[in-house]
Each structure stands twice: as structure tokens, then as C-alpha cells.
Amino acid sequence: MSSIEVKMEEGPSSRVVDDVEMDDDPNVKRRGRGFDPRGNGPASDGVKTGKFESLTEAEADDSGARAAKSVEGWVVVVTNVHEEATEEEVIDKFADYGDVKSCHLNLDRRTGYVKGYALLEFAEQDEAQAAIQACTDGLTLMDEELKADFAFVRPPHNAPAPRGNGSRRGNRDRSRSPGSSNQTYTAHSATIDTKMDEENVQAIPNLKLQQHLFLLAQHSEHLPASTAQASKQALLEGIEKDEMAPYYRLILADASLKGLVKEDQALLKRLEAKNKEELQKLDEKQKEVEENEGEMEINGVLRQRAAYYAQIGDKEKALEAHNLAVSKGAGLGSKLDLTLTKVRIGLFFGDTDVVTASIAEAKKLVEEGGDWERRNRLKVYEGLHLLSIRDFKAGGQLFLDALSTFTATELLEYNDFITLTVLANALTLKRTDLKKKIIDSPEVLQVVDEIPHLRAFVTSLYACEYGNFFRALADVEQTHVLTSRALHQHARYYVREMRIIAYSQLLESYQSLSIDNMATAFGVSGEFIDNELSRFISSGRLPAVIDKVHGIVETRRPDHKNAQYSKIIKEGDVLLNSLQKLSRTAL
């Protein structure tokens, strides 16, 4: 029998375990670490002699030596992050240890809360090491002790080569890090897609160019000369930058658009030559990967081709290439990205059928397990489409849902998104909800003063300042509604409905009100109010009557019970008539 002393380290303190007795009886078989059934070998010798293998000093402090730099930088994975933590809080917590270039908090797509880990990117290794050491020393966030380590590490020198190195076409390196042909890196702590495709969505096709063309086509007579010239220049520069020969040719071929943009045949030929050259390169690349690479590389080339066709404005070929890439796509996220690009192509060319079909396709993919980020992006895409077809209620609700999580900058600028959100919901929300969801919304308050006339428009309606509201409505119509590709065709409808809302809001407070007082409240003439109310009352839009003799408007508040009785009687009459017709036919 032998007695040894084993010292075990546990955090900052240590405890001693004595009198660990090991039976040397060779007839007794023991299993587990430190026991060799044959009674020999290094493991058994170590137990008997009390001498064990230990790490060298260099190996013990190898966190920096084993760390591997990724394409993005020195990436640190932080675990035990509180589910309600935000990116700003995480960045602030680690800002003392270095410049945090980016922070990714993956959210659970069902609950919307943080999954429990974060990815931090540092420019320098020393900064990343300092952040890891701080977590080791007990750094906390929201009363949770954080743990951290490098996300990517080199394998041990004596580690066996990974199985499956190579593909069915040979033993080749399938993934190589930049600047090295032989190094292999392993993901640490979790399998994480650090590429973050949702963070890198490109504005393809560039909808800003179509907005410039829309302004020139619809408002060239009313635009200041400097603004019109700036739009023409931006349009031509964008066409040349994105090598949009098919799009440029389409504009020149349209008689209604030809005069809006300078015709430059030399530019057109130059762009066509660039298109031909780039497509030839993609053909050669596709042929090469089909011969030497796997399905993932082939899918990558198909996506590049689809993106290039969308970039240059070739609608038919872009849709065809995207459909092919979706059918060959391996991942659900990749398919969703391609489908959302098809939605953008439809919005770019104003093709409602393509937009509707692509949104329906994207919804099916989302139901199969789309991530939280792409779900929110799809809400913005669908909301913009609904506004363009005059479904302000459904579109406004989708914009409200995406208000605090908006990331679809490839589709809309943030200020334009806020503008459309306010305009749509001012038309559909009740007065109390308008205050809560729009006027007091932190996201709206953050930028509302940067957008002309928007604050005056929504606050004057809520505060019942009808004269200011009418003036703001006229300004909003000229500044935002008529200049929007999504709203300009609904401008008359929008202004009419907003006026009805204002009239109803005022009349609800009174049993009767003189026409002169209403005219004064709205800052218009009595004749204008008389004509407006007559038109809306006769069409059943306002529950009121006009006493022309006394110049008074009397409200008629609807009786909901009587309205239900009337509805039942009408439906009953329709049913009886149908039964009578059926009986005559049967006889």
C-alpha cells in the first residue's frame, strides 16, 4: 500500500486530498484514468510513483501561441452572456481592453433573446488577450460572470490529421486561410458562421438609381435645375459604376425616358465590352470548379453570376440565374438571400408579379426555419410592397414590427423607412396608438427632426391643431408622397383619407358645429368646408348632416346595435332571395 498527496487547483483557492490509497494487487482489475489493466505503462507508473506528465511553461501559457487570426481579425467568443444583453452593452464592457471592431449577438429566432454567446472582433491580438484575461479574472455583465477564449485556434502539433481531408475528387485542401497554404484552423466553443451574410447584403440592384430616374420622369418640370442635374449625374455615374449596359440600353430605347438621360454610344459600347468580359470570366470559372471543386464552389459561382446579372440590370437573365442558384443552393439562408434579391429585382423594375411570387417563396423558406435576421428583413420587403399596392394597414403593421430591428438598408435608407412607417400608420392607427407607437417611439424620435415636415404632420393631428395639420399635410404630400415610388400613385387617396380622419376627429367632439367655426379651425374658407363635407357625407364617409339654412353640421353617431340588426336583415333578405330562386329552378 502506498500513500500519496494529490493537490487539485480549483479557481483561486485549492484543497488537499490526502491518503489516496492504491491497491497494487495485480489480480484486481481497475478501469479509468490512471489505471492500466496490465499493471504497466506510463499511466500505471505515474500512479505508483506519484509522478505525472506536466505541461511545460510555454505550453501551459499557450493561449496566445495557439490562437489563430481569422479573415475578420482576432475573434473572441464570449459565453454566459445574459439573454437580455445588447450589442452596445457588450461593446461598452470590453471597450476598456481594446478597440472592438464589431460585435455579433446571435438571437434565438423563436424567443428573440440572446442565445448566450457573443463574437467580438479585435484588430490586435494583445487586445483580444486582454479581454480574455479580464473574463478569467471575473468580468461580469448584468450580474453574469463572463467566459471568453479565442474563437479560432491551431490544433496541437501532434494531433492526427482530420478525417475526410479532401473530396471525392482527390486529397486537396478544401479550405485555406489567407496567406497560408498548409495551416488548418479549428472553430472553438461553437460552430459559428463568422462571415455573417446578413451583415453584408449588397444593394443589388441599386434602387437609388431607379429613384433618380423616377424623379426625372415624373417631376422634372417641378424640380430645381440643380436637383435635376444632380439626379442625371448620379444616374449616369451609377450606370457606369455598376456596368449597367442592359439597363442603359433599356432607358435609351424607351421614348418617354430617352430625353432624360444623355445618350452616349461610346459609354454603351464600353459597358457592353465589360459585361462580355466579366461573363466570360464567370464561364471559365464555372468550368474550372465543375472539373476540380465540389458542389459548394459550384453554387458560389452560380450566385456570382446571378448577382452580376442583377447588378447590370438584365432583368430576365437575372431572374433566370437566381432561380437556378436557388434550385442548386445548399443552405436555407443562401436560398433566402437569393429570393430576397429577386424581390429587389421586381421592385427595381416595378414588376408586381415577380415581387408577389418571390415574397410568397421567401415566406415558405422562412417557415422552414429562416433565421431571425432574415425574417425581419422580409417584413420590410413585404411592407414596402404592400404600401405600393395601397394596403397601408398591413404594410404599416409590418413596418412597426421591424421598427426596432431594421437592417434592410439595401432596400431603404433608415430615414426613408421611418418616413414610410409614420405616413402609413398615421392613416391606420387609432389616436391613442398613434401616440404610443409613433409619436413616442424612440426610433422615430431619434431621426424625426431630420425629416422635413414629419413631426409637424403627426403631432398636429394628435394635438387637434387642424390648421397646422392641413398645412403639414400639403407639405408632406409634395415632399414625401409624390416623390416616393411606392406612394406617388396613391397621393390623392392618401390626402383624401387623412382629411376624412381630421374631419371625423373634430366632429366626434360635438353634436353640432357651425361651418364657419370648422373653416376657422382648419384654416380654409367656409365654401371649401361645405363642398368637402357634402362630398364625404353623401358617400357615407362621415356620419353627419348639413343644415344649409343655419350653416350647421350635425353629427350622427352610428348606433352599433342598430347597425348589426340592419346587417342581419340585409343578409337574411339575400338568403331568402337565393332560396326562392333555387326553389323555382328545382320545380
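Helix α8 (residues 245–253) and helix α10 (residues 265–292) have axes that come within 9 Å and cross at roughly 145°. Axes here are lines fitted to C-alpha atoms, for helices over the stretch in contact, and angles run from 0 to 180 degrees between N-to-C directions. Helices (H or I, at least four residues) and strands (E, at least two) are DSSP runs, numbered from the N terminus.

This is a predicted model: local features need pLDDT of at least 70, side-chain atom pairs count only at pLDDT 80 or more, and totals for chains, interfaces and linings use all residues. Residues are numbered from 1 along each chain as its sequence is written, and side-chain values use heavy atoms, with hydrogens and water left out.

On the α8 side, Ala245, Pro246, Tyr248 and Arg249 meet Leu267, Leu268, Leu271, Glu272 and Asn275 of α10. Contact means heavy atoms within 4.5 Å. The residues of this contact divide into six nonpolar, one polar and two charged. Ala, Val, Leu, Ile, Met, Phe, Trp, Tyr, Cys and Pro count as nonpolar, Asp, Glu, Lys and Arg as charged, and the others, Gly among them, as polar.

A UniProt annotation, from an unreviewed entry, marks residues 261–299 as "coiled-coil region". Such annotations may be inferred rather than shown by experiment; their positions follow the numbering used here, and feature names are shortened. Over residues 261–299 the chain is 85% helix and 0% strand. The end C-alpha atoms of that stretch are 37 Å apart.

Leu257 lies in helix α9 (residues 255–258). Beyond its neighbours within four places in sequence, Leu257 is in contact with Leu213, Ala217 and Ile251. The C-alpha atoms of Leu257 and Leu216 are separated by 8.7 Å, though the two are 41 residues apart along the chain.

The table lists accessibility. Buried means under 20% relative accessible area, exposed over 50%, partly exposed in between (1.4 Å probe, protein chains only).

| Residue | Relative accessible area | Class |
|---|---|---|
| Cys135 | 1% | buried |
| Leu257 | 16% | buried |
| Cys464 | 33% | partly exposed |

The structure holds zero disulfides (a disulfide is a pair of cysteine sulfur atoms within 2.5 Å).

Elsewhere, four strands form an open, antiparallel sheet in the order β4-β5-β3-β8. Two strands pair if DSSP finds at least two bridges between them. β4 (100–107) and β8 (147–150) stand at the edges with a single partner strand each, so one side of each is left without a neighbour in the sheet. The twist averages 20° from one strand to the next. Helix α4 (residues 87–94) lies across β3 (74–79), β4 and β5, running at about 140° to β4.
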